[in-house]
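Have the structure open and follow along.

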Amino acid sequence: MERRTRVRFAPSPTGPLHMGGVRTALYNYLWAKQHGGDFILRIEDTDSHRFVPGAEAYIIEALSWCGIRPDEGVDENGQVVSVKSERHPHAPYRQSERKPIYRQYAEQLVKGGFAYYAFDSAEELAALRAQMEAQGQTFIYNHSTRGQLRNSLTLPAEEVERLLRETTDWTVRFKMPEDRIVEMDDMIRGHVEVNSGTLDDKVLWKRADELPTYHLANIVDDHLMEITEVIRGEEWLPSLPLHYLLYEAFGWQDTMPRFAHLSLLLKPDGKGKLSKRDGDKMGFPVFPLKWVNAEGEVSRGYREDGYFPEAFVNLLAMLGWNPGDERELFTLDELVAAFSIERIVKSGARFNPEKAKWFNKEYLRQKSDETLRDAYLPILKEQGIQITDGNEKDFDGGKFSKEYVKDVVRLIKDRATFVKDFWDIAPYLFRRPTAYEEKDVAKFWKEENTVLAKELATFIRSWNGPLEKETFGPAVETYIKEREWPMGKVMNCLRLSLVGASSGLGIADMICLIGLEEFGRRVDNAITALG
RNA sequence: GGCGGGUUCGUAUAACGGUUAGUACACAAGAUUUUCAUUCUUGGAACAGGAGUUCGAUUCUCCUACCCGCUACCA
């Protein structure tokens, strides 16, 4: 029988979601949607010591910002669901709330001879480990040592019963077979074999907090939640044999999900996986959203840095996956259609911040002038600019209409990567220059040029046709050419007056935007200041 | 140390035994432009190394090197 596709993203709320984690979530989401299935969010909070307040909310908000909406696990208010309902049939979705479920499964494995009780304390084990390490050996809790340790395999039955009853720091460990080739299939890596003899007897359940470890909780929940594919990070590949064996021990082989292990995201330079520190050091975000930790340390986010969520999702998708053709720009829906696990790259992807910016630039250009204008408005307000609905451009009062802002945006958007670049690109479209770049003044503001520029200014001031780029621009150009004036020198004198420097937008564009009156003011100011 | 995974221009990647090894970002040069930016054109730039299999290996196998991950009562 064909099973409905169901995948899950199962982060641990130990901090903000890393961009690699978002990519994992994205790939899961794409796979689910492509197959008309469900994307489930499950919170793996079985380690009470590492719980970080706010991390869960952060994860949900980050996914939401990316447009990734879980079908199950999170309700309309953005809360992880604790109570069963038609839409959330497998609630609760926090493993800490599923606590009572796991013990029976651990017991089941012990009864079946696949696991056993271990009474060694964490301290004893640590001491043993240290001792063997001092001798240049590695301690491993498995067939090679379990016979000499304190567990239900070595202790008399009555003693085991007593310890089970009277002590609370015992665990259930998986009895890893001594010598078995575990054959596995990974959707990305293909056939993988590992000899179980090199693996250890992993703790599955702890009496101390009555909580399972990742391995048990993960397998039990994936089974109960009817997960069909497990798409997760490469760091889990070494645990895959254990997970295979666990499915086998439970007798769940028939419905065991297929596995796909994603390669890790690497640092832009050098070696190693991408970490929080790299971003801080190299000036790019590692997290989707800004995060402030308990110590008050701030980690920047893509959202706060000005990335569009579409661009972020797009660049993440292309990090370790490609469509097989030369397309690079994809919306979420297009990704759903184009995605395939076969085309996921096996090797780790080094993150390239420059390319990330390129994606944003492309998305910025695709946006309408209205959208961009609306995004620019708050920045203008911060700069003390008042926005009106009328038809104003008041350089003295700092009041401008939305329409004017839209015209500005249309003119400058090609020069920007982020909306936040807008202001720096052309503040002079809102504020009269008050200073003039010395170097540019020295270069262009010479008697022989200014004489001509002043004459040109007079011509422009007397312009009485419609102030439109199409007619005004060529007219100015013709005026200069007819007189055989040096175009660059004359124009840059005007530019100096308008901008305060010899760089910036086209003269005609600017004049059409700011108007003849403002043009005159700026020319007068420049003459007053520079002679 | 043990186990597993990986290795194509600086970076991301294409190629699924036969190509002048393609594309994008970045970089460089040129063109366009009144400046800057944009845009356009062009250019440099890679199969980790060694054996084998084959008529033929970037592609398949093995070895070496390097990189990454795991090796917790963390996920």
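## α18 against α20

As for who touches whom, Lys469, Phe472, Gly473 and Val476 of α18 meet Ala508, Asp509 and Cys512 of α20. Contact here means C-beta atoms, placed from the backbone, within 7 Å. Helices (H or I, at least four residues) and strands (E, at least two) are DSSP runs numbered from the N terminus.

One word on provenance: this is a predicted model, where local features need pLDDT of at least 70 and side-chain atom pairs count only at pLDDT 80 or more, while totals for chains, interfaces and linings use all residues. Residues are numbered from 1 along each chain as its sequence is written, and chains are lettered from A and ligands numbered from 1 in the order in which they are written.

## α19 against α21

For α19 and α21, the axes come within 8 Å and cross at roughly 100°, so the two are roughly perpendicular to each other. Leu496, Ser497 and Leu498 from α19 meet Arg522, Val523 and Ala526 from α21.

## α17 and what covers it

In α17, the buried residues are Asn449, Thr450, Ala453, Leu456, Ala457 and Ile460 (buried: 20 or more other C-beta atoms within 10 Å of a residue's own; exposed: 12 or fewer; partly exposed in between; C-beta atoms placed from the backbone). Down the axis of α17 they fall within an arc of 125°, so they line one face of the helix; the arc is that of the directions from the helix axis to the C-beta atoms.

Turned away from that buried side are the exposed Glu447, Glu448, Val451 and Thr458. The cover over the buried residues of α17 includes α16, α18, α19, α20 and α21.

## α3, another one-sided helix

Over in α3 (residues 99–111), Tyr102, Tyr105, Ala106 and Leu109 are buried. They span an arc of only 105°, which puts them on the same side of α3. Pro100, Gln104 and Lys111 are exposed on the other side.

The buried residues of α3 pack against strands β3, β4, β7 and β8 plus helices α6 and α7. Just after α3, glycine 113 takes a positive phi of about 85°.

Notes: Two residues are in contact if their C-beta atoms, placed from the backbone, lie within 7 Å. Axes are lines fitted to C-alpha atoms, for helices over the stretch in contact, and angles run from 0 to 180 degrees between N-to-C directions. Angles under 35 degrees count as roughly parallel, over 145 as roughly antiparallel, 65 to 115 as roughly perpendicular and the rest as oblique.
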